[in-house]
Structure formats: C-alpha cells, structure tokens
Amino acid sequence: MPMGAEDDAARAKRMRSRMELLYPICRSITGDGVRQTLDVIGESLRPGLELRRRAVPSGTAAYDWTVNDEWNVRDAWIADPTGRRVVDFQEHNLHLVSYSVPVRARMSMDELRPHLHTLPEHPDWIPYRTTYYQRTWGFCLAQRQLEAMGEGPFDVVVDTTLRPGELTYGELVIPGESAEEVLFTSHVCHPSLANDNLSGIVVALEVARAVAALPWRRFSYRFVFAPGTIGSITWLSRNRPLLDRIRHGLVLTGLGGPGPLVYKRTRRGDRTIDRAATHVVSRRGGEVRDYSPYGYDERQFNAIGFDLPVGRLSRTPHGEFPEYHTSADDLDFVKDGELLDAHAALMRIVEILENDAAYLNLSPHGEPQLGKRGLYPTTGGKSASDAVMAMLWTLGYSDGCATLLDIADRADLDFAQVCSAATDLAGAGLLERASEPPRR
Amino acid sequence: MPMGAEDDAARAKRMRSRMELLYPICRSITGDGVRQTLDVIGESLRPGLELRRRAVPSGTAAYDWTVNDEWNVRDAWIADPTGRRVVDFQEHNLHLVSYSVPVRARMSMDELRPHLHTLPEHPDWIPYRTTYYQRTWGFCLAQRQLEAMGEGPFDVVVDTTLRPGELTYGELVIPGESAEEVLFTSHVCHPSLANDNLSGIVVALEVARAVAALPWRRFSYRFVFAPGTIGSITWLSRNRPLLDRIRHGLVLTGLGGPGPLVYKRTRRGDRTIDRAATHVVSRRGGEVRDYSPYGYDERQFNAIGFDLPVGRLSRTPHGEFPEYHTSADDLDFVKDGELLDAHAALMRIVEILENDAAYLNLSPHGEPQLGKRGLYPTTGGKSASDAVMAMLWTLGYSDGCATLLDIADRADLDFAQVCSAATDLAGAGLLERASEPPRR
Amino acid sequence: MPMGAEDDAARAKRMRSRMELLYPICRSITGDGVRQTLDVIGESLRPGLELRRRAVPSGTAAYDWTVNDEWNVRDAWIADPTGRRVVDFQEHNLHLVSYSVPVRARMSMDELRPHLHTLPEHPDWIPYRTTYYQRTWGFCLAQRQLEAMGEGPFDVVVDTTLRPGELTYGELVIPGESAEEVLFTSHVCHPSLANDNLSGIVVALEVARAVAALPWRRFSYRFVFAPGTIGSITWLSRNRPLLDRIRHGLVLTGLGGPGPLVYKRTRRGDRTIDRAATHVVSRRGGEVRDYSPYGYDERQFNAIGFDLPVGRLSRTPHGEFPEYHTSADDLDFVKDGELLDAHAALMRIVEILENDAAYLNLSPHGEPQLGKRGLYPTTGGKSASDAVMAMLWTLGYSDGCATLLDIADRADLDFAQVCSAATDLAGAGLLERASEPPRR
C-alpha cells in the first residue's frame, strides 16, 4: 500500500501555517473562538472534503452533563491608578480565566489578589486557568507582572458575555468500502496553547489528507474536532447509533512537544488499536502506557457505558512537561520534525488497520521451494535476507488464524515487511487471504 | 471502616507483658506448659471473649498421625564430679531436648557426648532440639559450656514423665454476620523462643481485640492456638464440617524479629487472601513469596486433602536468621515496633476482606460531572488530587465485576483510598454495590 | 532409572573415531558420499541394531519439491599456466561448490572470477557453498589462495556427474513398549564440516546406544540420518501414517562447538519436549530460544501441515560462530567435552520423557508422618534435607494432575530428585501413579 510520497517539507509548511492562523484565536468550550477555529479547519481541507459543523443549544442535556451557556469576550484588563493596563487580554488570551463572568470595579490589591493566578516557579510564564462550572472571574499573569503591579487601587474590567447560545463542533467523514469507522478526535477548546492542542488539530488534518488520497480504504474515517469533555460527551450523546460502527479510534493531542511518542492504551488494553499502535510506537522508540481514567477525551470514549476502542497518541503527556498549560506552550515549543514524525506513525497505524488479515499457507507440508519461484537466493550456504525471513515467518505461521500483525510482532519485523511478503507469496500462489482479524 | 484508633503504646505494652508471662513457661506439643500458655491467653482476653480449651487423649488417631503421650518435666541436669550442675534445665528450658525420656545415670564424657547438642558457630547460644517421635534424650548447651565441662564422670538426671495424657489447644470465635470464617492460627509448642512464636500469639490476641471492637463484621473470626503439626492436624481432624466455612486464613508466626513483612502464598497462590495480603504487604515494603511445602502449619491447611485458603504472615522466615531455634531468640530479639507494624498490616488485610466488593457505576456514559456534586475542584487547569483520582478509577472500572481491590491494584492506590472513594460516590448516588467478590 | 554408567572416556573415543572416518567423505544431498556416510553409521551400531537404508529415485515428488538428480565428483581443479593445481578438490572437499555441473575450459581470471568464492575477513578459510537448484559451478578457496593465483589463463576442470539416481537416507528404530515414538534426526549432507554436522551424527549414535541399553522403554525411538531439507521433506512425504505416532522429537546438530547448549523450541512452544528440554538445558546453564522458521530441519517438522513436536538441540547456533560453513569447522573445532555434555543432557531429556507421570497422594490430609516410615530425620529443629524437600514437594502437589516435571519445575529441583522421591513414596504406600502426562 503506497502511503503517500508527499513531500515532508510541504506538509510541515501546511501544518505550520495552520497553527499560525489558529494560535491567536481565543478559544474556549463554546463561543466565537470555536467557530473561527472550525472555519480555519474547514478552509484547509482538500477540495471534495467537507467539515460538517454541528451546533447544540445551551441547556441541552448530554447524559450527566448540560451544555453550558455560551461565553464570549470583548475585552478584559486591569489598569493601575495612572490608567495603564498592567494586565491586558489584548496582549495574551491566557490573561483572562476562561468563562470569567463580567466585572467592572475599582479594587485594592487585597481585594483583587484572590482573583490573580501566577506561577512563582516560572516567573515569566502566564498560567492557563478555567472556571467553566463556577460563576466567578480571574486573571492569569506572570509572577514578575504581579510583583510590579503596586498596591492599586486598580480598575478591573471583564467585558464578557455568558448567555444561552450553542456548543459547536465539526466532523469530517471520508468514506471507505465498509461503514465501519476509524475515529480520530482532537479537542479545540484551548486558547493560545500550541502543543495542547494545535498540534493535534494540524496532524489530524494531515492524516485526513493522506487517508483521502489512498486509492482504496477498507474503513470509513471520521475526524471530530470538538471541545474537550462537554464537547465529546455531547458528541457521544448525539451519535449513539454510530458508536457500534467505530472499530478503532485515537485521541490526538500534544504531538509537537518534546519527548518520544507515547501511546496510551484503551481501558481494556487489548483492542486491535492497542496492538497496532504498540507495534508502530514501540518500533519507533516510543513508549506505551496503560490506561488511566485521567487525561483527555479518551476518558469519555472508554467510559463503561461506551467502552469504545479509542486510545490516545501524544508525546510527553499533559502535566509532565513544565510548559504544560502555560504561555510557554507557544508556537516555538512545537517542532516541525515532531509533527512529521507523529504523522508518519499515524499513517503506519492506518496501514495496519487497513491491511491486517489472516492468511492461509497453501503449501503447508514443509517449506515450499521458494527458489523455483524466484523468491530465494540460488547460491546456498549464506544467511537469509530480511525479505526471505519475512516470507518464511509468513509461511510458517499463516494457519488462517494468526494475522500479519501477529506474525510481525512474533518475528520482530515491521508490519510493512510482513505485509509485503504476504503480497509476494499470494502472488506466487503460496498464500491466500483467510479472514479479517477478529473484532476487538 | 474505622479500624481502631487505640493507642499503639498501650497495645505494645499489652503485647510485651504477655510475652513476659509466656516466655518462662516450658512448652512442648503436650503437657502442663501448653495448658499454662492457654491460661495466659485466656486471661488476656477482653470481657465477653472466651477461649474454649479442647483436650484430645493420647492415642487418638488424626489421619496419618496419632496423638503422642503427654510429656512433662520436673527437673533435668548434668552435674560434674563436684556435684555442681554444669547444665541445668532450671536455668533455661532449651537445655533439655523436648520429649527426652527419663534418665538417671553416671557416665563419662564419651558416653554423654552423643546426647549433647551445641552450635559451634555461635558458642554462647543454646540450640533448640526435639525428639517427639523417637524415644531418646538429650541436652542442648552453649559450645563454651561444653568446652568447660571437663571429662566427668557426670551425674545425668532427666526427671520427666511421658505417659498417656492429652493434647491441648484453644479456640476463640468472634461471630460476624455470616457463618463463614476467617481463620488465624499460631503455634503454642515452642518453649522460651520469643519470635518463634510468642510474637505470633500476642499479635493474634491484638487482632482478636481489634476485630471484636469492630461495629460490624461481615465474617466470623476464629483464632486457634495449638501445637504445631500434630496440633493443627488434630484440629483439622476434629473440625471437618467447619472447614467448608473457612473463607480466608493466615498462619501467624515470627512477627517480631528483623526484616520486612513476608507473606507466603497459599498453595494455589491465587486465593483472595493472597491478593489481599499481597496488596497490603507489598505496599508496606514487604515481600511476597510462593508457597513451598515446608515451614509452619500452612503446610497442613494447604495439604491436597484440605486445600484451604490459608497463607502465612511472618517477617524474615524460619531458618533465615541466625537466632532461629536458639536461645538468642529471646525477649530482646523481638521489637515492639515490628509487632505493631505486623498488627497494623493484619488490620489492613481484615479491612480488605471485610469491605471488598464489586460496585456498579450508575452514570456510565462518560465521566459524571463531579463538580456539580461538590466532588471536584472548581478551578480547572491543574492536576487532579489523589481523592479525585480514586473516584475516577472507581467510576472508570466499576462495571459490576471488578472489585475495589481489583481497582486499587490496577490504579496502584491504597485499598482504603478506593474504599473511601466508593463510599463518597455511593453517597452521591453514582455507584451501587453489585456483589461480593467471587469465592476464591 | 539407571541411565548408563558407561565410561565417558570410551564414549568420547568412539565419537572421535567415527568423526575421523566421516570427515574426509565428500557428502552432499545425494550421491556416493551419503551412502558411504550411512555405511560408517551402520557399522558403528551395536549388534542387534540395524540401520535401514532407503533410496528414493530422482524425480520423485515430495510435496512442493522434487528429488534432484544425483551428484557425484570424480575430480575438480584449477591449474595455472604452468599446469600447477592452484585450487584442488583432492586437497579439500569444500573447494568445489556442491552440485557444480561439469566444466572443462581454459579461461582468464576475468572469466573465472565470478565462479570463485572467498571470505576476505578470514583469509585462510575456505567457505562452503552449494548450488543445488541452479545448474552452475564454482570453486571455494582461501582469500590468500586467490591473491596468489595470478592472471592465468587457467585450466578449469569440474569432473562431476549430475544425472538421475537416488536420494538416500537411513533409519534406526529401537522398539519400546508403546508404538509411539521419540524421533531424533541429524542431517548427513554437509561435507568436511565437523560441528555441522558430524557432531550431531555421533551424539545421536551414542544416544541410540544408551537408549538401546535401557532395561525398559516406554517409547519406541527412531533415529533418522537424512540430507537436510529435501531429505527430511522426502522422509516426511513417505511416512505420513507414522507421523501421528511421533510424540516427541529433536533435531541434533552443532553439538561439539563452543558455547552452552541452546534449545530451540517447537513452533507452538509448549509441547512436552519443550518443557523437558527447557528443564534440562536451563539447569545445565544453557539457553532456551523461541522457534523461528529458519535453521535446520525443525522448519520442516514444524511446518503447519505437519505441526510435529520437534525441537532442536545445538550449542551456539549456525551463523553465530565465525567458523560456521567454513573449513575452520574441522575436527579440532569440535571438543570431546562438549559432545559428552550434549549426550548427558539428551539422556536427562530421555529420562524425563520416559518417566514423567502424574501421581496421587494417598495420604492427603495434612503431611503424612514420614518419620514413622523412616523417611524423616528423627531429631527435630533443624532444616530439611534436599531428599526430604523433594518428598514434601511431591506429596504437596501430587493431586493426580500435576506431573513430576511440573513439580520439579515448581520446586526448582532436578527431575531426577523428584522422580526418586516419588519412587520412595510409592514404595512407602503414600503415592500411586495416576496417569501419563497429557499428549502435547
């Protein structure tokens, strides 16, 4: 399966320019920022692909949750007695705690202080804080800013609106031969944080592009761009009949930061996506971890009531790098090489999902004579090549039950090598396709 | 479940004073010493608890064994030609080989020597030896004593009786809601050895005290104080109908010596007691070992014909510390801190046996909104606390099959944390108790 | 079971003298060399044992393969312009590529060079090459020889015949109580290579000698001496009804070279032969490896269509020692001590195959009183001996399902110790044989 020989430089450039468009937008779990984000996503699709946007009214029930009022910001600042804005939302989205309620007041530092959030251990960084479900307000600022603010009194303005509106998400579907689906999701609720999660968004878009370019697809592919938690729960609540068709899924986030790839298993831990991602990630030097019920939207997809086979791909996960949820997670923090590597790994995973199957050795009585079919070196006495070894493993284990991925794992060979050996052997009449891997 | 906030100092004092009462008694597998030991045990129980004493006549068959004649000692010594007692049972119980037959003779060193046992590598220690099933006699002494004895001739007196009597053991039962039982056993046949097994006896008594103080008990608890091997086999032979009701059990011995806690698994190795004890002991830095058919009475309970779920808790096991079966295993060898730690570990094990159960997540479609129930921090963006994590794990895996212990092990959390999370979640209507763990 | 106290020195001498007879013979997969090899093998058997020789005509189909034409060599050389033979088959069998077609020509170095094979990294060694299935010719020589050859022109003579004949193999069967068989195979196609595989041949002969000397055999034993690949496939094709009777098997090769014993598992990896060989090899400090579909004839026996329980015993395997398939694999490369050690290990494996069985503890209610049967030390208080421990393990796990090998592995004891304990316990009426291990 040719997996796209597209130029990495062009891909990196597309991802970078999309991140630059998305970075300045003030996103939260609802509001204009989400719609603008979906605009950018929609406009970056190839002709023929369409992002379908969904709007769910505030107050709509979604299982144990209710869609929030919509939040939008016009402006927000803190001004000192001279009228100078010492903290200014216009300078950085993170300065305003997400979902802050409107305020217009003059207050002393003593009154203001409980509403200010800093990171004393990183005095130049602005933290990221939210207050989705408690109606209060606050500002986030660098510790150095705080120390230079003086005693006030301060004019505090939070010019936001918080009223019935909608929660918005977008979906892109690329149909395949089967109605069964592979699901990729990326959260679109974090403002001005590049690794978390512009990286996930732009890698997902490149996977969509490459998948759409495949000459044939076993599965249909669905890419969901939704706010975290309430967005994915709302999506789940509105797509019950679809859920049975999801065969494999991945949450994509934090793919451009430092560290090797980290695959987080599904809750059950033994789904096909777990095996495919483990094969790819571990062979690229990455790390595989067990599920835990904390993190991103995988916790919703894996909840007992859904139990979907959705893992998560990232690099160093949330909370394990100091820049996490701070202004230091900016466009420089995300590297093109890391994004490209994540994309390549995802396409290897897609390759497995598309091509894994069990085969039957049609010449099972001893090793077939590969030489007379031109598949074996003619001078004996030397060691076998990788290609010959891949054929021998494939013949040796293709009993109609073991799949190519089983064989690749056992042989410690790349899936692609075993897949290629199977193609050659089937071409020589020595192997025939038996069945798809069991649904898992 | 409140597990007793009793004062450790008071507990240590009780254990120490009981050991001081028990240490001088000359115990063996039968005789006055066993009865005196059971007297001390019975007198140390709280009002309302009663030690029931059982007497089994010599000659009674117990499977492949027969209850021995009863053995008692009036006196025993070796005197040198001047009449001075160079080895004197009055000075230390260990000087006389247990079950020595009566002797009254004058003999040379050459005649006497085959009856003398020393430890050349520990020249000041007296070894412990027995001859339950061969009618002979002997003395144990320090190597230095032997070297100072001279050539004799010696007057040798073993003033013992060995005649039909009884084997004695004691039982304490604390009833619970169910007739199913948790069994704790400690051997009471070793004379003047503190770790082996006064430590097991006094820790068992404190566990009984704490269990009796519980406001409610799922299980009934049985504490058996019996001589080793013949005592436990006799007990088994006389309690066949009871055996089916034993759900969990532990042999308690060697709990006051050096080293971390060591749990020895049951023969099958996968019983509930194995999982509970492994959870507790490994989280306290202790060690877990597989079963072997050598050791204390666990070898009887685990014999194929009984196959009871009885593990063993000790510290450094028999034979692995030099003081084992010598006079150096004295009251100083046993430390209060080690006894208290063993008691605490046992109460954690009891806590698991009493409280482990499977629960059902009543809000399984995605993560329930803990915040609106006051169970989640209201300012988002920071990491989750241990208490929140315990709730997320409990919700994430409570499918009606996984028990709290399963979840605690998977999450690498203390059982108590998960148990507390389950209580909070059940209180909030998010969880309901599904079933007890399978009988195992 | 006494396993032969025959003198190791005599055994080593027999193996050495057979290797000296076999080494000079020019063997290939067919031809006079194979027949001469089978002559030597047949003549070295004890009276009463007979090597049955089988001849299969060229052109006979064997599954996906066809028996080759028979190949024989009269002479082969390369002579320089002075008539001096610079490469001479008379000096070393390896000089001629096996299955070279006849040639008689004068040619320049440029024309000759593509037919010459050397090992530049080992300039004094002659490599071993074959061309069984492509009709060409070649010479193998030391790099230094090549460098000294000059520019020619050369007279090249390959005086071989390649025409319809037969493929020959030999079989030795030693009957036992059951018609079920243990199979040992060694390939007999390699010329003048000592470790690969004179070592396998002579060790197999000594195993046959020792097995024939056993007073009783549970199984029948079959030793097959056949050319590699085409030989074993031909044997398999002509013995279909027999295959169901093969309970255990081993390919023997490379047993006299350096390194510890290496057992290569069957394809399934959990057959009885895998457990028996793992027990023996790992307790002797050897190594156990998973199956891979590359190596010697185990790849034919384990092919999906046969799926026979045939592992492989060697030392450092093919391709992992530099002397492999070169003239440096000569009689000095093979050491007597290694051959004897391999033979001893094989007889331990035979001991397990012959004697493993499940037993039933007839006194399962607690530990039986070994002392009254003279099986236990009478003075208590000390640690148990190995012999006592073997009895306790055997009693503790003999539930009619666990076999002696299961128990030995669990107890980390030698099978022989557990087997001896079972004999003693059965003699005391405490144990009875329950069943043979499951067919696996």
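Which residues of chain A does the UniProt annotation "domain: DUF4910" cover?

1. Basis of the note. This is a predicted model, in which local features need pLDDT of at least 70 and side-chain atom pairs count only at pLDDT 80 or more, while totals for chains, interfaces and linings use all residues. Residues are numbered from 1 along each chain as its sequence is written, chains are lettered from A and ligands numbered from 1 in the order in which they are written, and side-chain values use heavy atoms, with hydrogens and water left out.

2. Annotated spans. According to UniProt, "domain: DUF4910" (unreviewed entry) covers residues 20–356 of chain A. UniProt also lists "domain: DUF2172" (unreviewed entry), at residues 70–161 of chain A. UniProt positions are in the numbering used here, feature names are shortened, and annotations may be inferred rather than shown by experiment. Residues 20–356 of chain A are 27% helix and 25% strand, and the end C-alpha atoms of this span lie 37 Å apart. For residues 70–161 of chain A the end C-alpha atoms lie 8 Å apart, with 10% helix and 34% strand. Helices (H or I, at least four residues) and strands (E, at least two) are DSSP runs, numbered from the N terminus.

3. Domains of chain A. The domain assignment gives domain 1 (8–67 + 166–354), domain 2 (72–163) and domain 3 (357–435); such bounds come from an automatic or database domain assignment. The C-alpha centres of domain 1 of chain A and domain 2 of chain A lie 31 Å apart. Their contact (heavy atoms within 4.5 Å) takes 23 residues from domain 1 of chain A and 18 residues from domain 2 of chain A.

4. Interface of domains 1 and 2. Domain 1 of chain A and domain 2 of chain A bury about 1,500 Å² between them, 58% of it on carbon and sulfur atoms. Buried area is the accessible area (1.4 Å probe) that two parts lose on being put together, summed over both. The rule finds zero salt bridges between domain 1 of chain A and domain 2 of chain A; a salt bridge is a side-chain nitrogen of Lys or Arg within 4 Å of a carboxyl oxygen of Asp or Glu. Seven residue pairs (both at pLDDT 80 or more) are in polar contact across this interface of chain A. A polar contact is a pair of N or O atoms within 3.5 Å; within protein, one must be able to donate a hydrogen and the other to accept it, and residues adjacent in sequence count only if both atoms are side-chain atoms.

5. Chain B against chain A. What area do chain B and chain A bury between them? The value is about 2,200 Å², 52% of it on carbon and sulfur atoms. His365(B), Glu367(B) and Gln369(B) supply 29% of the area that chain B buries against chain A, more than any other three residues. The contact takes 27 residues from chain B and 25 residues from chain A. There are three salt bridges between chain B and chain A. Asp64(A) forms a salt bridge with Lys372(B), with the closest N and O atoms 3.6 Å apart. Helix α11 (residues 386–397) of chain B gives the most to the side of chain B that touches chain A, with six residues.

6. Chain C against chain A. Chain C and chain A bury about 2,200 Å² between them, 52% of it on carbon and sulfur atoms, and the contact takes 25 residues from chain C and 27 residues from chain A. The count between chain C and chain A is three salt bridges. Lys372(A) pairs with Asp64(C) in a salt bridge, the closest N and O atoms being 3.6 Å apart. On the side of chain C that touches chain A, the elements that give two or more residues are β3 (65–66) and α9 (298–301) of chain C.

7. A salt bridge within chain A. Over all chains, a search of the whole structure finds 126 salt bridges. Arg247(A) and Glu180(A) meet through their side chains in a salt bridge (2.7 Å, N to O). Arg247(A) lies in strand β13 (residues 246–252) of chain A and Glu180(A) in the loop between β10 (166–174) and β11 (181–187) of chain A, so the pair ties together parts that are 67 residues apart in sequence.

8. Backbone points to check. The peptide bond from Gly152(A) to Pro153(A) is cis, with omega near 0 degrees, and Pro153(A) is in the loop between α4 (143–147) and β9 (154–163) of chain A. Asp196(C) and Asn197(C) are joined by a cis peptide bond with omega about 25 degrees; Asn197(C) is in helix α5 (residues 194–212) of chain C. Ser192(A) is not a glycine but has a positive phi of about 45 degrees.
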